[in-house]
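Please consult the sequence and the structure shown below while reading.

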Amino acid sequence: MIKTPKRNPSVVIIGAGMTGILLTIKLHEAGITDITILEKKEKIGGTWRENTYPGVACDVPAHLYSYSFEPNPEWSNRYASGDEIQAYFEKVSRKYNVLERVRFNEAVTDAEYSRGKWTVESSVGNTYEADFLISATGILHHPFKPDFDGQESFKGAMFHTAEWDHSVDLKGKRVGIIGTGSTATQIICELPKQADNLTVFQRTPQWIAPTPNREFSETIKQKCRDSRLRIEIAKKVYHTIFEQIFSKALVGNKLSHFILSTACKLNLRLGVKDKELRKKLTPDYKVGCKRLVMSGDFYSAIQRQNVDLITAGIECITESGVRTIDGKDHDLDVLVVATGFDPVAYMRPMTMKGKGGTSIDQTWQKKVRAYRSVLLPEQPNFFLMLGPNTPIGNFSVIEMSEVQVPYVLQLIERWRENEYDEVACTQEAMEGFNQRLKDAMGDTVWTSGCQSWYLDADGDPLSWPFTWKQWKQEMETPDMNDFMTARYPNKVKSKSKSKSTEEALVS
């Protein structure tokens, strides 16, 4: 009996950031060669291309924030800077011939599915046809910009951290920054060295985990060059700390949370001597309820003589600066907005229509949800990388993608073996998966009473309520009972247990 050769699917990937690069490499390793990456900007890198503000760095140790198959012995510090990470991704992209598959300056504007094929249109008028469409846009690429009264009247320079204006010279300037999250913290550690004065407008204080940024000497780098095992050991140590302390603390482990809370509270107590300032910097919520900020320098930076911490709310923006609700005017030359991103935008604002013309806006009309963070009902042969309820919370996003990609490849492999022409999760599977998550959220720190980007509009957490180990185990093999499959052009019944009339499709 002659075995039917594997099919070679055409794949369109949206985004050439960390996950898009990883997908391209792993798809090619699996023997899939028809790959097109549509990238909206002029080069690869995603968030590390977009964010170039002073002090930008990863808050995950560099050896952990690296592809498992491409360790980097050249990291300069424990927490790598943004430009160094960007250089790493560019180097990996060149080594694995990713760049030749990228169509730069082409944003996806429309995608429509019909009978086993996606038709994708780009911002420059090109049209692509693909068997599979994968969104690798990441979660933090649409800046959130609050609309302050009077902001159009400000006569100084005003910009979001993700749109840093490097033409603005900060030397000798009075600079204001709105926000105290992870990005703001990194900037606050750097701007006092440049600006004449820095005014920090804090809405909510943050818990700061003490994470000194060790510099790696040439001796350490050479040892890493000589022994990959040394890097693997360092990575294992970092992973264990994040998994056993940070991750478990967030999902209800009392001992882990006690250790993490104690470390953060001691860091505040020992790092800020002035009682009044310490009071202003003390959160009224549990450690981990909002994204934990990693910094070894923030408390020393906020206590510099040329830094002012303002806790009164902002009433409006004026021609000369910011007016707070206590009636005080704060004169500024530059105003930096560090208010984060829209965490549920994903691949939008593109228009996306799946089976029967079902749009992504219809699918997410009531709530942004997915099955196993990756699949959506009525959107066949589409995969959403790092979707809702991926365990994003002070953990390596690269490790998350390296768990999701093999899961996606298994479903594509079944297509290659002619088991089906289309695959999507059932509505019932998505409902059941999300109900299980919701039932478990009560044990997590995210529901303990704070506002954060971990929560959706209904106050439901968008993260994973179980351990990292459990997530990884559940992502090892797709449960085909949760999928709707179909064949074209022959009438072939789906192997799914679903009884939908669309189990068999006619030509």
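## Terms and model

A residue is called buried when its relative accessible area is under 20%, exposed when that area is over 50%, and partly exposed in between. Glu431, with a relative accessible area of 34%, is therefore partly exposed. The model discussed here is predicted.

In soluble globular proteins, nonpolar side chains tend to be buried together. In this model the largest nonpolar core comprises 147 residues, and Tyr67 and Phe89 have the most contacts inside it. Helix 11 (residues 397–416) supplies the largest share of this core, namely 10 residues. Another core, of nine residues, lies apart from it; among its members are Ile178, Phe201, Ile317 and Leu335.

Which residues does Phe89 touch, not counting those up to four places away in sequence? They are Met18, Ile21, Ile44, Trp48, Tyr65, Tyr67 and Ile398.

## Salt bridges

Side chains of opposite charge can pair when their charged atoms come close. The count for this model comes to 27 salt bridges. One of them joins the side chains of Arg225 and Glu74, at 2.7 Å from N to O. This pair links distant parts of the chain, 151 residues apart: Arg225 belongs to helix 5 (residues 218–226), and Glu74 to the loop between helix 2 (47–50) and helix 3 (82–95). Arg225 is partly exposed, at a relative accessible area of 33%, and Glu74 is partly exposed as well, at 31%.

A salt bridge also forms between the side chains of Glu319 and Lys155, with an N to O distance of 3.5 Å. Glu319 is in the loop between strand 14 (314–317) and strand 15 (321–324), while Lys155 is in the loop between strand 7 (132–135) and strand 8 (157–160), so the pair ties together parts that are 164 residues apart in sequence. Glu319 counts as partly exposed at 47% relative accessibility, whereas Lys155 counts as exposed at 66%.

## An exposed loop residue

Is Pro349 buried or exposed? Because its relative accessibility is 75%, Pro349 counts as exposed. Pro349 is located in the loop between strand 17 (334–337) and strand 18 (351–353). Between Pro349 and Asp110 the C-alpha to C-alpha distance is 9.2 Å, although the two are 239 residues apart in sequence.

Conventions
Residues numbered from 1 in each chain as written. Predicted model: local features only at pLDDT ≥ 70, side-chain atom pairs only at ≥ 80, totals over all residues. Heavy atoms only, no water. Core = buried A, V, L, I, M, F, W, Y, C linked by side-chain atoms within 4.5 Å. Buried < 20%, exposed > 50% of the residue type's maximum accessible area, 1.4 Å probe, protein only. Helix = DSSP H or I, 4+ residues; strand = E, 2+ residues; numbered from the N terminus. Contact = heavy atoms within 4.5 Å. Salt bridge = Lys/Arg side-chain N within 4 Å of Asp/Glu carboxyl O.
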